[in-house]
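Let's take a slow walk through this one. Have the sequence and the 3D view open side by side, and follow along as we go.

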Amino acid sequence: MKQSNLQKCLWLAMVGVAGLYSCKPKGTQSAVSGNAASKVYVAPGKYDEFYNFVSGGFSGQMSVYGLPSGRLFRVIPVFSVDPEKGYGYSEETKAMLNTSHGFVPWDDLHHIALSETDGVQDGRWAFANGNNTPRLARVDLKTFRTAEILEIPNSAGNHSSPFITENSEYIVAGTRFSVPVGDNLDVPIETYKQNFKGTVSFVAVDKTSGKMNIAFQVLTPGINFDLARAGKGKSHGWFFFSCYNSEKANTLLEVNASQKDKDFIMCVNWKKAEEYMAAGKAMKKSVKYAHNTYDESKHMATSTIENEVMVLDPKDCPGMVYFMPCPKSPHGCDTDPTGEYIVGSGKLAATIPVFSFTKIQTAIAAKNFDGEYDGIPVLKYDAVLHGEVQKPGLGPLHTEFDANGNAYTSFFVSSEIVKWNVQSLKVLDRVPTYYSIGHLCIPGGPTKKPWGKYVIAYNKITKDRYLPTGPELAQSAQLYDISGEKMKLLLDFPTIGEPHYAEAIPAELIMKNSQKIYKIEENQNPWAAKGDNYARVERKGNEVHVYATSIRSHFTPDNIEGVRLGDIVYFHVTNLEQDWDVPHGFAVKGANNAELLIMPGETQTLAWKPDRIGVFPMYCTDFCSALHQEMQGYIRVSPAGSNVPLTFSTGKTAPAITEKKDSVTRK
Amino acid sequence: MKSYQLSSIVLLIASMLFISCKEGVKKDTKPVDVQELTKDQAETHGTELKEGDITLSTPLDQTKVAAGKSTYEVKCQSCHRLTEEKLVGPGWKDVTKRRQSTWIMNMITNVEMMLETDPEAQKLLEQCMVRMPNQNITRDQAREVLEYMRSNDGEK
C-alpha cells in the first residue's frame with residue numbers, strides 16, 4: 001500500500017516546523033527523543049518487565065515478546081503445524097488440528113484474550129481465535145503450549161473472538177461471515193437476505209481446568225461481526241459486539257456494506273441468556289464440530305467430535321439482545337476500565353462515539369427505541385450516547401485505556417495513535433505510527449486494571465522501517481512510552497506473520513508459574529519407556545514400534561535391524577532428562593513429516609515409512625552436550641519378506657571373531 | 001545521554017500535533033530473581049549435605065534398596081552400569097568403597113555445585129566430557145539410591 005499523501009504532508013510539515021524550533025531534524029526515524037534507547041535497554045541477563053502475547057495473523061501462531069525490549073522469546077504453535085517443534089507432525093499432537101473438515105494444518109490467528117479474575121489479568125491462560133476454519137484455542141501459560149482447540153459450529157470465520165469476561169466466565173466467538181444455517185444449506189448466494197444468519201457463541205471456561213465448552217449460541221440477523229468486548233464492573237453481564245454489513249450485502253462489500261450512515265453495536269445480556277437457558281428456551285441443533293484437548297500427563301492430544309449445540313433465538317428471548325446504532329462499519333467496541341463507557345470505532349467515521357452503559361439501561365427501561373432490526377430493538381442513538389470525540393483522526397479502529405481515565409485509539413488511515421480523555425472527550429495528544437496501525441495494546445488495557453506505561457502499535461505497513469528483505473517485509477510493532485502527558489516513540493520491533501491484537505501482562509504474573517520439566521514419574525504416555533529396561537523394539541504386523549529413551553548423549557536403542565520395506569516404524573522417544581532446558585530432538589533420514597523435539601520427561605512419537613532398502617541414520621537435533629554430535633544411531637531396512645531378525649541394542653560391539661566370520665560370509 | 005529540552009508545535013491538517021523532546025518519567029527498576037520466583041518448581045536443586053548428615057546402618061533397609069533400584073532404572077541406568085564398565089558415567093561397582101556417602105549424595109542432588117567446587121567431580125567431568133544432569137532426585141530418593149549402591153557393592 002502506498003504511503004498516503006496525508007502522511008507525506010505530515011512529514012513535510014513536521015520536518016519544516018521541527019527544523020524551525022531546532023528540534024532534531026525529523027525523518028522517518030523521527031520523534032525519538034534522546035533517552036529512548038535507555039528506556040528499552042534490558043541489559044544482558046536482565047529480564048523484561050512485561051510479556052507481550054502477540055497474534056501471528058496468517059502464520060496461525062502466537063508469539064511472545066518481552067517489553068520494553070521487543071525481544072522475541074517464543075513462537076507458540078497454535079493453529080498451524082510447526083516442524084521445528086514437531087507440532088502437528090508427531091503422532092501425539094496431530095489430533096490438536098483435527099476439525100469437522102479433517103486435519104486443518106493452518107489458520108489465521110487474530111486476537112488474544114488473557115484470562116482474568118475480578119477483571120484483572122491472572123496469567124493462567126491465553127485464548128486465541130482461528131479466523132478461517134472457526135476455532136478457539138487455549139494456551140496454557142505454565143507450559144506456553146496449546147492445551148485445547150475447540151471448533152465453532154454455525155460459524156464462518158471466527159473473527160469476533162475470543163474476548164473475555166471479567167472472571168473468565170466466557171469467551172465469545174462471533175461469526176464474521178453470516179451463512180446459511182440449519183437444514184437448507186444449498187441456497188443461491190443472492191438469497192442472502194432470506195437465508196443467511198449469524199451466530200455469536202458463548203464459550204464457558206472452566207474455573208479450574210480452563211476447559212472450554214460451548215454454553216450457547218445466539219442466533220442473529222445475517223450481518224457480519226467484527227470485534228467484541230465484555231462489559232466489566234457495572235456492565236458485567238453484558239457483551240458488546242461491533243457489526244458491519246447491516247446492508248446485508250453479499251457482493252462487493254467494500255461499496256455495498258458501506259451505504260448506511262450507521263451500523264450497529266450489538267449488546268447481549270448474557271446473564272439474561274443464562275436465565276433463558278435455564279428456562280429451556282434454547283433449541284438443540286444438530287451440528288458437527290471437533291473438540292481437541294492435550295493431556296499433559298499422557299503428552300497426547302485427543303480429538304472428540306461433538307454433535308449438538310444449544311441455540312437461543314432472540315425472538316424467543318425478549319430483553320436479551322439490543323442493537324445500538326454506531327457510525328460506519330465499526331471495528332473496535334471497547335469498554336473502559338470502569339465498565340461505564342463503550343467506545344465504538346467506525347472505520348469510515350469522522351467521530352468516535354462513546355456510549356454510556358447507564359444510558360443504555362435507562363433507554364432499555366424506557367423502551368426508547370428507534371424501531372427494530374429483524375425483530376431486535378434498536379436503541380435511540382442520542383439516548384445512549386455519552387458523547388462523540390470530534391475530529392479525532394481518520395479511520396479509527398481500536399481503543400485501549402490507561403488507569404487515568406484516558407483512551408488511546410488507533411487510526412489506520414491517518415496512521416496515528418490519538419490519546420483522549422474518556423470523560424471530557426477532548427483530544428490530548430497524537431503521535432504518528434509507521435505505518436497504518438491496526439490494533440494497539442496497553443498492558444492490562446482491556447481490563448479493570450490497566451498497568452499502563454506503554455502502548456504498542458501493531459502496524460500493517462512496514463515500508464522503509466527495516467532493511468529490505470525482498471517483496472515481503474517484516475511487520476512492524478512500535479513501542480511508545482505513555483507514562484508522561486505526551487506519548488513518546490521508543491522502539492520499533494519486527495513481528496512474525498501479521499500481528500493483529502495482542503495483550504501484555506507483568507512478567508511476575510507469568511514467570512513464577514513457568515514449568516521447567518515434566519516429571520518422568522508422572523509420564524502416562526502409553527508408549528513411554530521410563531528407563532532403559534523398557535527400551536525395546538516390537539513388531540505388530542507391518543508396524544514396528546521403537547520404544548526409545550534419550551539422555552545426554554545417546555539413544556537406547558541406537559542400532560535397530562529387522563525392519564522390512566512396507567513397514568511403518570513408530571519411534572516413541574522418551575526424554576529421561578529431568579533438567580531444565582535439556583530437550584532432545586529426534587530425526588531420521590527421509591522422514592516425510594518433521595523432527596521431534598522432546599522436553600525433559602516427555603514422550604513423543606514420529607511415524608516413519610521407509611521407502612527404500614538400506615541403513616538409515618537417526619540423530620538428536622537439539623544440541624545437548626559436548627557429545628551431542630555423537631548422539632546418533634542406525635536403523636536397517638531390509639527387503640519385504642526378508643528374514644533378518646528384529647534386533648536392537650545400544651553399546652553392543654560385535655566380537656572381533658563374529659565380525660570376521662560375517663565379512664567372510666558376505667563375500 | 002543527551003536530552004533535548006525543547007518542544008515544537010506542528011500544525012497538521014485540522015489538528016495539533018505535539019512533539020515533546022523532554023525526558024519522560026523514569027521507569028522503576030525492580031530486579032527480578034527468577035530462581036527465587038520459580039523455587040517451588042519440579043526441577044529442584046538440593047542443599048549441600050555435610051559429613052554426618054547421613055547415617056548408614058546395617059543390615060540394609062531392603063525397602064530403601066528396592067526404591068533406590070526403581071529410581072536407578074528410570075533416572076540413572078542410561079549412563080551408569082552396575083558393573084565396573086564406564087558407559088557415559090562411571091560404573092557403580094564399588095562406588096561406595098571409593099567415595100564418601102556425602103560425596104555420592106551431593107553428586108546426585110547437587111551436581112551443579114559439585115562440578116563447580118569439587119576437584120574429584122571436576123576430574124570426572126574431564127574424563128566423561130558430559131556434565132552429569134540434575135535428574136530431579138530428592139534427598140530421600142538419593143538416600144535410597146545410596147542404599148541400592150551399597151547392596152550392589154555386596155553389603156547385606
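What follows is a short tour, from the overall scores down to individual strands and helices.

First, keep in mind that this is a predicted model. Its scores are ipTM 0.74 and pTM 0.88. For chain B, the mean pLDDT comes out at 79, with 71% of the residues reaching 70 or more. The part to be careful with is residues 1-29 of chain B, where the pLDDT is below 50. That stretch still has 61 contacts in the model beyond near neighbours in sequence.

Now over to chain A. It splits into domain 1, made of 31-250 plus 258-511, and domain 2, covering 520-666.

Next, look for a hairpin in chain A. Strand 24 (residues 369-373) and strand 25 (residues 376-379) of chain A run antiparallel, joined by 3 bridges. Here E372(A) sits opposite P377(A) of strand 25. There are 2 residues between the strands, and D374(A) takes a positive phi near 50° in this hairpin.

Further along chain A, you'll find an open sheet of 6 strands with mixed pairing, in the order 42-41-44-45-39-46. Which strands are at the edges? Strand 42 (596-598) and strand 46 (647-649) of chain A, each of which pairs on one side only. From one strand to the next, the twist averages 20°. Within this sheet, strand 39 (residues 559-564) and strand 45 (residues 632-638) of chain A are paired in the parallel sense over 4 bridges. To spot one of the pairings, find I560(A), whose bridge partner in strand 45 is I635(A).

Finally, back to chain B for a pair of helices. How do helix 2 and helix 7 of chain B cross? The axes of helix 2 (residues 62-75) and helix 7 (residues 139-152) of chain B come within 7 Å and cross at roughly 100°, so these two helices of chain B are roughly perpendicular to each other. Among the residues that meet here are V65(B) and Y72(B) from helix 2, and V145(B) and Y148(B) from helix 7. Taken as a whole, the contact between the two helices divides into 5 nonpolar, 4 polar and 5 charged residues.

How values were computed. Residues numbered from 1 in each chain as written. Chains lettered and ligands numbered in written order. Predicted model: local features only at pLDDT ≥ 70, side-chain atom pairs only at ≥ 80, totals over all residues. Domains from an automatic or database assignment. pLDDT = per-residue confidence, 0-100. Contact = placed C-beta atoms within 7 Å. Pairing = 2+ DSSP bridges. Axes fitted to C-alpha atoms, helices over the stretch in contact; angles between N-to-C directions. Parallel < 35°, antiparallel > 145°, perpendicular 65-115°, else oblique. Nonpolar A, V, L, I, M, F, W, Y, C, P; charged D, E, K, R; others polar.
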